[in-house]
Amino acid sequence: MNLKKYFIRALHRLQKGPGYTYKELLVWYCDNTNTHGPKRIIKEGPKKKFIWFFLTLLFASLVFWQWGILINTYLSYNVTSSLSIGFKTMKFPAVTVCNANPFKYSEVKHLLKDLDRLIEAALERILQPTPGNSSENVYPPLNMELWHQIPLVLIDEHDKDNPNILDIFESNQPAVGNQTVEGNGTTEEKKYKLAVKLCSHQGSDNCTYRNFSSAAQAVSEWYVLQFTSILAKVPLQDRIRMGYQAEDMILACLYGAEPCNYKNFTQIYHPDHGNCYIFNWGMDEEALNSSNPGAEFGLKLILDISQQDYIPYLSSAAGARLMLHQQKSFPFLKDQGIYAMAGTETSIGVLVDELERMGYPYSDCTVNGSDVPVKNLYSQYNTSYSIQACLRSCFQNHMIETCGCGHYMFPLPEGVNYCNNEDNPGWAYCYSSLRSSIRDRQICIDSCKETCNDTQYKMTISMADWPSEASEDWIFHILSYERDMSTNVTLDRNGIIKLNIYFQEYNYRTISESAATTIVWLLSNLGGQFGFWMGGSVLCLIEFGEIIIDSLWITVIHVISWCKGLKQKRAQVRYPDAPPTVSELVEAHTNLGFQPEDAGTLPRDEALPPEPGTPPPNYDSLRVQPLDVLGPDSDAE
Amino acid sequence: AAMAPGKKITARIKRTLPVRGPQAPTLSELMRWYCLNTNTHGCRRIVVSRGRLRRFIWILLTLSAVGLILWQCAELLINYYSASVSVTVQFQKLPFPAVTICNINPYKYSAMKDYLSELDKETKKALETFYGFSEGKSKVRRSVDEWNSTASDFFKQIPLLHFEDFSRTATDLRSGRKRKIEGSVFHKDSSIVNSGDSSDIIGFQLCDANNSSECALYTFSSGVNAIQEWYKLHYMNIMAQIPLETKEKLSYSADDLLLTCFFDGLSCDKRHFTRFHHPLHGNCYTFNSGESGTVLSTSTAGSEYGLQVVLYIDEADYNPFLVTSTGAKIIVHDQNEYPFIEDIGTEIETAAATSIGMHFTRSCKLSKPYSDCTETGADIPVENLYNKSYSLQICLHSCFQKAMVDSCGCAQYAQPLPAGAEYCNYKKNPNWMYCYYKLHEKFVKEQLGCQQICKDACSFKEWALTTSIAQWPSAVSEDWMLRVLSWDKGQKINKKLNKTDLANLMVFYKDLNERFISENPANTLVTLLSNFGGQLGLWMSCSVVCVIEIVEVFFIDSLSIVMRRQWQKAKKWWNNRKRDRSGNPAQASDPESQGHDNPACIDEDLPTFNTALRLPLPQGSPLPRTPPPNYSTLRLEAAFTEQLPDTLEVGQH
């Protein structure tokens, strides 16, 4: 019903025509608006009027320009950072300790027997290729199959343009030549290089030679390739058994004033370092808090790395590998780990360096990695997302796609096997080309995102000799007794490591981000600008909108009346006379000369003079708005 | 009326462009008008309010609002040049920094024998005579006469002295003679604490060569420091005379120093290193110096993908007096930066694998007016002697070197040469050591003004290093490792390398997160203006328009009113004088018009029905008609009660 009423009213208004002209509307607006400029345009004299008109325009354009800048600033989503430093009770970091050597040599010897004999013989050939030495071959026959899968070759570079490739085991002659050159004691440049020959298939011609400037590097790289191929076939249970056991490795543990032992550590199998042990990982139990700074309240460990049981060709550096990381995150020791040297006490003061960032749209980071298009293979460890995990998963996925098998150093998705020489003869070639491919790396970098909360542990590392010469004796005795129940010393300086990990006096530095521009900021600045230049507010905008609607109305009404006018003009064609104007109509109505027909019978003279009566009141209230009377004709003006 | 054409024109201009002064006759009227019509709030209340107390409160409130606005806007202005810090972390391919590696020992001792044999002989003898031990059994202690007869220039130049106590007598280490000491005493070690044990104090005397009475005495608590310092002075003297090419030959070559090199999973060799001669460390080698035009970058973090080198440190060929520690020094720096290896180098141990994890941070500060830093160093009045980009360290060293050249006439050996200068040596500049020590003293005490001139750079790159050490080679791999490395070195197989001659170094990125700390202006002009607007609007609903109003009313209008008053007064006075003379009273009074007759009451009303229709009045209206109401309320109020004659002037014309 209301709607109908409304439409009727609208129709009436349309029929009646506009109440005002544009000019009136504008003048009314200027007079009554709350913005400061327009009023002046109306009120002042002509010169000032012009100045004020110009000023108002200028201010209005200034306002719009500045608004544009503000909105742009808001949409760029800037952040401000705040930094806080101090000491507070914090979760003690998870501490991962590993041995630099993955397996006990005594346990893996049966697997590596062939490989070691091979490398020894090869080194013998390279280093001492005297005919006498090579003839007295006391070794049992070598397993040449391993050799043929990935051979080491010597590259003779006497002729720079045409390097000669020599297989170490096939001919002695070139090697002898080598010896004579060096035997002369000449200082000329070394002419032989060791390289690893990698072929896409055994016996195929599609081969590359990985050159090494140093034989030591070549031997280690070659050994690692062969070693991973052998270990890839060993089931996980066996690999864990071959590694260092917690009770052998962790000799003593003290956290604050509380004693702890190897049972407080969580075992995890790490492909680089074998069995690693994580203290305070927070997987099953609550993470430990530390509320005091200083070495007295930190973690103290004594480790045994039993250096005599190292695999000789695999890892040349000896020590413990350790890393501090967040609870429930996977330790990437190759990236973030540090070494601890045998025979020393290493003290590590920790500062937790946190960076808390805002997510989308402020920065391109991920909260839990769910929006990253790479399948996280480390989720099988129940660990949280990290960029390292993403990059490694990405590489492993590429490896599986191109080579058909997974690399031993990274976790496997279901249904895929690790690469080994028997099943995947070309894997080393495939792996090495993939590894050096910059394009593949860039793909992984582009698809992985960093986490929004980045925690780093800044370490202040210091070292001292331990145990001291005076205390050496009793410490070794006690530790040997506790570990092996023997009264003899079974440990030595080369295997024993002491670690102190504690919070520094200032243990946290947090950089947290907050949005530099919020919607409140935007609004208050918009208001500030509008207010500053023109004293306006949102209501003024509404006023302005109202005026626009009004002028639209006027236009609509004008158009309609113009159309009506057209129609009438067409209708006029039938009547030659112009339509009576309002005044004519009114005159016609009030013409005193007009007499009714019947009155004409009365004689004019007899007509009575008009009786005196109350004159019509001269009140303004009777006044009729001329516009309303004139109606549609007003547009003729 | 006949008017002059000029007058006509002015009249016309006046008519078409009427210039009106302020409409108020007096200042108080103007204020009243302003308060009623201004756009700011508060002012109106003062005028409109009734009652003195209320008015007073409103005046107080308005004034305090004005005060608050002024205060807050001043705060805003003061805080305009403040910066906010933002930290961004970006995960990306990172450029690998330049890594400069030096042997701690600058020159091969065996090669330096020709230059240093005299000095070493003297030093050994000094040790022998004073401390009573001899190095090696073959050396027979010579008689004092023979000892005196040898060319002991070194001791003549700078005598080593042993102090009995502070009684200013000292024993000459060479002759054993006692001598009186004059001059001021400088302690290189702050060893004043153990002055009770004064028999241990040893030092040397530096005298002004031109004026031997002016001497400075440098004392050390330990003979170790004294001998080293003394040796170093002579050593620099000798080295300053050797040309650069010879020195480069005397030092280690890339083949000598680098045994193996491995970067990003690929083999590298000496071609990837650039030689750089450091005056105190001999030949240093910079990996990835960017001189070939390309800078290597890392796209995978971790120790396997960084730089791995095995260094050959020939410990047997070390200079026994110059350096007392063994190993190498490395520094990680940007390609454009000069490696100040003696200042901020990291030492590398032998027989160990040193793993250095890096974390990259880039910082950028805002320069003037936010903070006092320099972008390029071009605005620092110190010439950059190093061929690298500006840093504070470079500026300080250059500044010192310049002061050295100015006051001592020669350049210090450890820093690059300015144009036209040469290094100090005792033959040409016998006075330089004394001069150098004096100047250095001044420099440390900030009397040279270098610390004031030099500013820090606005942007810098920093690699935070985490260093850890492992035993290398391990006990079981030692054998084959040394054998293979010996083969690599191309030496005779039977001469195996010793593991204490080797150092393994790994430099790698811990992660590829680049932290970028930058300062941004906390305020821009836009936000400053909006804050102004906010303040103005909050307290008084004011805007720039109001400010213009205030300027208009309080300055222009008020001034013109005052001026007009004065003008009128002067005119009146003039007229009075004229009238007094002529005795012609000119009294013109405006008749007060009231009510209906008020001329101001122009019927601007829209036509009434009757007037519009021009109805004829009823004929013959003998009856008295109601007169139109004589209401004063209908009178249109003029803006001001009193119209001034000159404001109405225009209308009269």
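Buried area is the accessible area (1.4 Å probe) that two parts lose on being put together, summed over both.

**View 1. The interface of chain A and chain B in a predicted model.** About 8100 Å² is buried between the two chains, and carbon and sulfur atoms give 58% of that area. Chain A brings 93 residues to the contact and chain B brings 91 residues; contact means heavy atoms within 4.5 Å. The rule finds 6 salt bridges across this interface, each a side-chain nitrogen of Lys or Arg within 4 Å of a carboxyl oxygen of Asp or Glu. Arg441(A) forms a salt bridge with Asp264(B), with the closest N and O atoms 3.2 Å apart.

**View 2. Helix H17 of chain B, residues 544–582.** Helices (H or I, at least four residues) and strands (E, at least two) are DSSP runs, numbered from the N terminus. H17(B) has 39 residues and spans 54 Å from first to last C-alpha, close to the 57 Å expected at 1.5 Å a residue. Its buried residues include Val553(B), Asp557(B) and Ile561(B); buried means under 20% relative accessible area (1.4 Å probe, protein chains only).

**View 3. Leu324(A) and its surroundings.** Leu324(A) sits in strand E14 (residues 320–325) of chain A. Leu324(A) is buried, at 8% relative accessible area. Leaving out residues up to four places away in sequence, Leu324(A) touches Pro93(A), Ala94(A), Val95(A), Ile348(A), Val350(A), Tyr457(A), Met459(A) and Ile501(A).

Residues are numbered from 1 along each chain as its sequence is written, and chains are lettered from A in the order in which they are written. In this predicted model, local features need pLDDT of at least 70 and side-chain atom pairs count only at pLDDT 80 or more, while totals for chains, interfaces and linings use all residues; side-chain values use heavy atoms, without hydrogens and water.

Notes
Expected span 1.5 Å × (residues − 1). Buried < 20%, exposed > 50% of the residue type's maximum accessible area, 1.4 Å probe, protein only.
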